[in-house]
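I am opening a notebook on a structure that is new to me.

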Amino acid sequence: TGMFTYDPGFLATASCESAITFIDGDQGQLYYRGYPIEQLAEHSDYLETCYLLIFGELPTAEQKADFVKTVTRHTMVHDQMTRFFQGFRRDAHPMAMMVGVTGALSAFYQDSLDINNPRHREVTMYRLISKIPTIAAMCYRYSKGLPFNYPKNDLSYAANFLQMMFATPCEDYKPNPVLVRALDRIFTLHADHEQNASTSTVRLAGSSGANPFACIAAGIACLWGPSHGGANEAVLKMLDEIGSVDNVPAFMEGVKNKTHKLMGFGHRVYKNMDPRAAIMKKTCDDVLKELGLENDPKFKLAMALEKIALEDPYFIERKLYPNVDFYSGIVLTALNIPVSMFTVIFALARTVGWISHWNEMISDPGMKIGRPRQLYTGSPRRDYVPVEKRK
Ligand code: CMC
């Protein structure tokens with residue numbers, strides 16, 4: 001058994017080589033294909049970032065137009081999908097539906113199953129990026145008992161998502177550009193984060209040659225866990241529990257006594273400001289201002305917590321900074337998106353990261369099936385005992 005290195009949680013093991021994303025946790029820096037996330041958030045948009053993550057380079061104007069056109073062309077899901085949805089309970093969690101429906105795409109688009117054909121792989125990537133927002137909005141509408149909204153392809157990716165979520169039938173829905181930009185930024189900031197648990201899950205599932213829709217469904221299942229995709233939900237729950245600014249000192253006492261954590265602070269890799277959080281904070285300020293919510297009690301409470309934590313020696317000494325989830329939960333709430341949809345939105349944004357990693361792995365001629373070993377801790381060899389002789 002001494003043959004294997006024991007590294008639970010992969011704290012010291014690189015599971016693969018990858019040319020997609022680089023994180024410098026000490027410096028608080030994140031790069032997609034070498035480009036700093038700050039520059040992409042400021043100057044790029046989500047679909048251009050998708051192109052970059054998948055193909056490795058920023059597109060030319062023509063490539064970008066083609067990419068957007070192709071993604072837009074695939075936004076519809078097969079109409080039979082609506083019947084698939086009707087099999088779910090009314091009160092099903094949107095993530096439960098996401099896992100099932102995304103996996104079911106492999107039953108609808110069977111040409112995608114030929115993963116050795118690069119053309120088919122490409123179409124599958126387009127289909128996933130295009131259809132996941134449609135499916136995500138369907139999950140929300142179904143859980144509310146509302147009719148599904150078809151995609152409107154004259155809208156941008158983020159605007160179309162808001163339209164599918166919130167437009168009432170026959171309405172000429174015009175999403176607010178500040179809110180559209182904020183959502184596009186949330187998508188961009190969550191697009192990839194190298195070998196996190198769900199991306200590693202997608203790689204491991206894909207290493208057997210499983211079809212990409214099934215692999216992404218596995219990634220969504222992993223993301224559903226509270227230690228991964230659920231942190232921004234936890235921030236909102238914490239704000240509800242604290243209730244008002246008056247209760248902040250008592251809450252902070254509890255944090256220092258280790259009764260509870262300040263959710264949305266701290267990160268395993270970033271021991272400096274999470275660069276995504278710095279961008280999200282600005283977006284958060286813009287959105288609250290645009291919606292006139294600066295004085296809303298919940299948002300005032302969030303800002304009071306942030307201010308205290310940034311100045312308090314407990315947090316400074318431990319290098320605990322706000323992470324992206326502290327602000328994204330607040331922005332999503334301001335956009336009227338219910339907490340049960342937060343992880344769905346994370347999954348939507350991360351789909352491109354998952355599929356880029358899957359494609360990178362499948363394209364590698366040296367790819368091997370992922371097959372970790374273990375240190376066996378069970379019983380040594382022993383002989384079978386007939387049932388009547390067992391004590
Ligand atoms: N509130 C209060 N104290 C904290 C917090 C917090 N949020 N995070 C860490 N600490 C303390 C911890 O108690 C420890 O103190 P001491 O040295 O006195 O024992 C010290 O800081 C170091 O913490 P750690 O547990 O060694 O750090 P870690 O790298 O194992 O944990 C973490 C990282 C993200 C799990 C943790 O910071 C945490 O639970 N944060 C709150 C939950 C959260 O916001 N999670 C979202 C992470 S970002 C998601 C993503 O990028 O996908």
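At what angle do helix H7 (residues 157-166) and H8 pack, and how far apart are their axes? I noted first that this is a predicted model, in which local features need pLDDT of at least 70, side-chain atom pairs count only at pLDDT 80 or more, and totals for chains, interfaces and linings use all residues. Residues are numbered from 1 along each chain as its sequence is written.

Entry 1, H7 and H8. I found an angle of about 105° and axes 8 Å apart. Axes are lines fitted to C-alpha atoms, for helices over the stretch in contact, and angles run from 0 to 180 degrees between N-to-C directions. Helices (H or I, at least four residues) and strands (E, at least two) are DSSP runs, numbered from the N terminus. H7 and H8 are therefore roughly perpendicular to each other, a label for angles of 65 to 115 degrees. I listed Ala158, Ala159, Phe161 and Leu162 on the H7 side, meeting Val180, Leu183, Asp184 and Phe187 of H8. Contact here requires C-beta atoms, placed from the backbone, within 7 Å. Seven of the residues in this contact are nonpolar, none is polar and one is charged. In these classes, Ala, Val, Leu, Ile, Met, Phe, Trp, Tyr, Cys and Pro are nonpolar, Asp, Glu, Lys and Arg are charged, and the others, Gly among them, are polar.

Entry 2, H2 and H3. Helix H2 (residues 46-55) packs on helix H3 (residues 61-73) at about 105°, with the axes 10 Å apart. I recorded Leu47, Glu48 and Tyr51 of H2 against Lys64, Phe67, Val68 and Val71 of H3. This contact has five nonpolar, no polar and two charged residues.

I looked up the domain assignment, an automatic or database one, and it gives domain 1 (16-227 + 344-362) and domain 2 (231-334). Their C-alpha centres lie 27 Å apart. In the contact, 19 residues of domain 1 touch 19 residues of domain 2. On the domain 1 side, strand S2 (29-32), helix H1 (37-43) and helix H8 (177-189) each give two or more residues. H8 gives the most, with six residues. That side has eleven nonpolar, five polar and three charged residues.

Entry 4, ligand. I counted 14 residues around the ligand, with Ala231, Lys261, Phe265, Gly266 and Arg318 the closest; a residue belongs if its C-beta atom, placed from the backbone, lies within 6 Å. The shell has six nonpolar, four polar and four charged residues.

Terms used:
Parallel < 35°, antiparallel > 145°, perpendicular 65-115°, else oblique.
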